[in-house]
Amino acid sequence: TMSLSVHSAIAQDVVEIFTEIYNDPEQFPIHDVGGYSWRGDTATGEHNCGTAIDINANENYQIRDGQIEAGSCWEPGTNPYSIAPDSSVVRIFAEHGWSWGGDAWEWDSDISYGYHDYMHFSYMGGGAVKAQKRNRCCCSGSFFCGFGLLRCLLHRLGHHLGLDEVG
């Protein structure tokens with residue numbers, strides 16, 4: 001059994017996504033997942049807000065301009081744990097309003113140029129029919145919130161939290 005921490009506003013959606021992946025005929029194998037991860041007050045990523053998920057990190061590397069930053073490979077079609085662009089995993093997340101890091105920041109299909117994060121999925125809200133049925137979005141739809149989970153929740157309720165350094 002694996003555990004995964006995500007923002008409470010999208011938790012039910014995440015359960016539905018993984019249930020669909022599990023029940024899909026492709027039977028995509030998942031051996032590790034990551035979600036909410038506090039990365040500091042100045043971090044602006046979705047993991048800080050609990051609105052991002054990484055799947056099979058070692059087999060779905062993060063690469064920038066040909067330099068691997070995390071993971072060790074991306075071999076769709078050869079490695080069963082690598083996420084292919086046409087996989088059920090990408091399709092199911094997209095149906096729920098999530099983007100895939102394999103092509104979300106893509107400005108060139110050549111992996112030796114640009115940024116690709118093949119393990120990464122971000123909840124973007126809206127877009128897909130299933131996502132439009134719910135108002136679950138952190139930071140009023142902005143995922144460049146950089147607030148961390150508590151600040152993100154307070155911001156969604158219309159409050160702003162400032163931090164003072166002590167000591």
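User: Why is Trp-74 called buried?
Analyst: Happy to start there! Buried means under 20% relative accessible area, exposed means over 50%, and partly exposed lies in between, using a 1.4 Å probe and protein chains only. Trp-74 has 18% relative accessibility, so Trp-74 counts as buried.

User: What should I know about the model before going on?
Analyst: This is a predicted model, in which local features need pLDDT of at least 70 and side-chain atom pairs count only at pLDDT 80 or more, while totals for chains, interfaces and linings use all residues. Residues are numbered from 1 along each chain as its sequence is written, and side-chain values use heavy atoms, leaving out hydrogens and water.

User: What makes Trp-74 and Tyr-118 an aromatic pair, and what kind of pair is it?
Analyst: Rings of Phe, Tyr and Trp (its six-membered ring) pair if their centres lie within 6.5 Å; planes under 30 degrees apart count as stacked, over 60 as edge-to-face, and the rest as tilted. A search of the whole structure finds 7 aromatic pairs. In one of them, Trp-74 and Tyr-118 are 3.7 Å apart centre to centre with 10 degrees between the planes, and the pair is stacked. Trp-74 sits in strand 4 (residues 67-74) and Tyr-118 in the loop between strand 6 (115-117) and strand 7, so the pair ties together parts that are 44 residues apart in sequence. Helices (H or I, at least four residues) and strands (E, at least two) are DSSP runs, numbered from the N terminus.

User: Is Tyr-118 buried or exposed, and how do you know?
Analyst: Tyr-118 is buried, because its relative accessible area is 3%.

User: What kind of aromatic pair do Trp-98 and Tyr-123 form?
Analyst: Trp-98 and Tyr-123 form an edge-to-face pair, with 5.6 Å centre to centre and 65 degrees between the planes. This pair links distant parts of the chain, with Trp-98 in strand 5 and Tyr-123 in strand 7, 25 residues apart. Both Trp-98 and Tyr-123 are buried. Together with Phe-18, Phe-93 and Phe-121, Trp-98 and Tyr-123 form one aromatic cluster.

User: How do strand 5 and strand 7 pair?
Analyst: Two strands pair if DSSP finds at least two bridges between them. Strand 5 and strand 7 are joined over 3 bridges, in the antiparallel sense. Ser-99 stands opposite Ser-122 in strand 7. The pairing is part of an open sheet of 4 strands in the order 1-2-7-5, and the pairing is antiparallel. Its edge strands are strand 1 (33-34) and strand 5, each pairing on one side only.

User: Why do Asp-24 and Arg-91 count as a salt bridge?
Analyst: A salt bridge is a side-chain nitrogen of Lys or Arg within 4 Å of a carboxyl oxygen of Asp or Glu. The side chains of Asp-24 and Arg-91 meet at 2.7 Å, N to O, and form a salt bridge. The two are 67 residues apart, with Asp-24 in the loop between helix 1 and strand 1 and Arg-91 in helix 3. Asp-24 has a relative accessible area of 12%, so Asp-24 is buried, whereas Arg-91, at 38% relative accessibility, counts as partly exposed.

User: Which other salt bridge does Arg-91 make?
Analyst: Arg-91 also meets Glu-95 in a salt bridge, at 3.5 Å, N to O. Arg-91 and Glu-95 are separated by about one helical turn, because they are 4 residues apart in helix 3. At 31% relative accessibility, Glu-95 counts as partly exposed. Salt bridges with shared partners join Asp-24, Arg-91 and Glu-95 into one network.

User: How many salt bridges does the structure hold?
Analyst: The structure holds 3 salt bridges. One of them joins the side chains of Glu-69 and Arg-64 at 3.0 Å, N to O. Glu-69 is partly exposed, because its relative accessibility is 43%, and Arg-64 is partly exposed at 38%.

User: Which residues of helix 3 are buried, and what do they pack against?
Analyst: In helix 3 (residues 88-95), the buried residues are Ser-88, Val-89, Val-90, Ile-92 and Phe-93. They pack against helix 1 (11-23), strand 2 (52-55), strand 5 (98-100) and strand 7 (120-123), where contact means heavy atoms within 4.5 Å. Just after helix 3, Gly-97 takes a positive phi of about 85 degrees.
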